[in-house]
Amino acid sequence: MERREGPLVRALVELADTLVADYDVIELAQRLVDDCVHLLTVDAAGILLAAPGVGLQVLASTTEQARLLELFQVRAEEGPCVLAYNTGRVVVVEDLTAEMARWTAFAERALDAGFHAVCAVPMQLRDERVGVLNFFCTAAGALPARDVMVAQALADMATIGILHQRVLTRTEAVNRQLQVALNTRIVIEQAKGVLAERGGFDMDEAFHRLREHARGNNIRLSDLARAIVEGTVDTKIWGGPTSVARASGSTSQKSTNVNRTTGIRDPQGGC
C-alpha cells in the first residue's frame with residue numbers, strides 16, 4: 001500500500017481541530033468516512049450514530065449503497081454494524097456468503113450491492129458508546145490488521161469530538177438557564193425597589209409582599225416582578241407599611257391588574 005503517514009496525520013489533525021473549534025457534526029462524520037476510503041483498503045464507509053431516545057441513525061456514508069445497507073440494518077435491528085454497536089466489539093465479516101444463515105436478508109442485500117466483506121468498528125470512549133464506523137469491501141477477505149488499527153484511531157478521535165460537542169451543548173444550555181435566572185433576579189430586585197420606594201417600607205418587606213401576592217394569586221414571581229418594573233400593574237394595592245392585611249385581601253383588584261399584563265389566569269380573582 002502507498003505510504004499513508006502524511007494523509008493519516010492530516011486526518012487526525014483535522015479531527016483534533018474539532019476539540020478546539022466550532023464544527024458541524026455532519027461535516028465531521030462525512031470527512032471521517034471519506035478519509036477512511038482514501039486511507040484504508042475499503043470501497044465504502046459509513047457511520048451509524050446513536051441518537052438519545054431514538055436509537056441508531058445513519059449519519060454519513062460515502063455511497064448510496066452503503067447508506068441503504070446501514071439503514072436496512074437499523075430498521076431490521078440486525079447485522080454486523082448493529083452487532084458491533086450492541087457489543088462494543090469490532091465485528092469482521094470476511095465473506096458474506098458464509099453468513100447467509102446468520103443474517104440472510106442483510107447478506108443478500110449486501111451481495112446484491114456488490115459487497116462481499118464488512119468490518120464494523122464501535123465508536124466509544126470507556127463505557128460511553130456513540131455509534132459505529134462501518135466499512136464495506138467488494139472483495140472477500142478480512143481487513144488488514146493495520147487498517148483496523150487506523151480505523152480504530154480515527155473512530156476514537158471522532159468519538160472524542162462528538163462527545164466534546166455534547167458536553168459543550170449541555171454546558172451552553174446550563175449557562176443559558178443560569179443567565180435567564182440571573183436576569184430574572186435582577187428584575188425581581190428592581191421590583192422590590194419600586195415597591196419599597198412607593199410603599200415606604202424596607203426591601204425585605206417589599207420582597208415579602210411581592211412573594212405573597214404572587215403565591216396568593218397563582219402568578220409566577222418573575223412575571224409579577226416584570227409587570228411592576230414595566231409599570232403595567234398598580235402598585236398602590238400594596239399600600240404603606242401598615243396596610244399588609246388590606247393589601248393581601250384585595251385579590252380582585254390585584255389579579256385584574258396583573259392578569260391584563262401577564263395573561264395568567266388568577267383562580268382567586270375575576271379574570
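Author: Two strands are said to pair if DSSP finds at least two bridges between them, and the strands themselves (E, at least two residues), like the helices (H or I, at least four residues), are DSSP runs numbered from the N terminus. This is a predicted model, in which local features need pLDDT of at least 70 and side-chain atom pairs count only at pLDDT 80 or more, while totals for chains, interfaces and linings use all residues. Residues are numbered from 1 along each chain as its sequence is written, and side-chain values use heavy atoms, with hydrogens and water left out.

Reader: Which residue in E2 is the bridge partner of Ile47?

Author: Strand E1 covers residues 44-51 and runs antiparallel to strand E2, residues 55-61, with 6 bridges joining the two. Within this pairing, Leu49 has Gln57 as its bridge partner in E2, and the partner of Ile47 is Ala60.

Reader: In the hairpin of E1 and E2, which residue takes a positive phi?

Author: The hairpin has 3 residues between its strands. The one with a positive phi, near 80 degrees, is Gly53.

Reader: How many residues of E1 are buried?

Author: A residue counts as buried at under 20% relative accessible area, as exposed at over 50% and as partly exposed in between, with a 1.4 Å probe and protein chains only. By this rule E1 is mostly covered, and of its 8 residues the number buried is 7.
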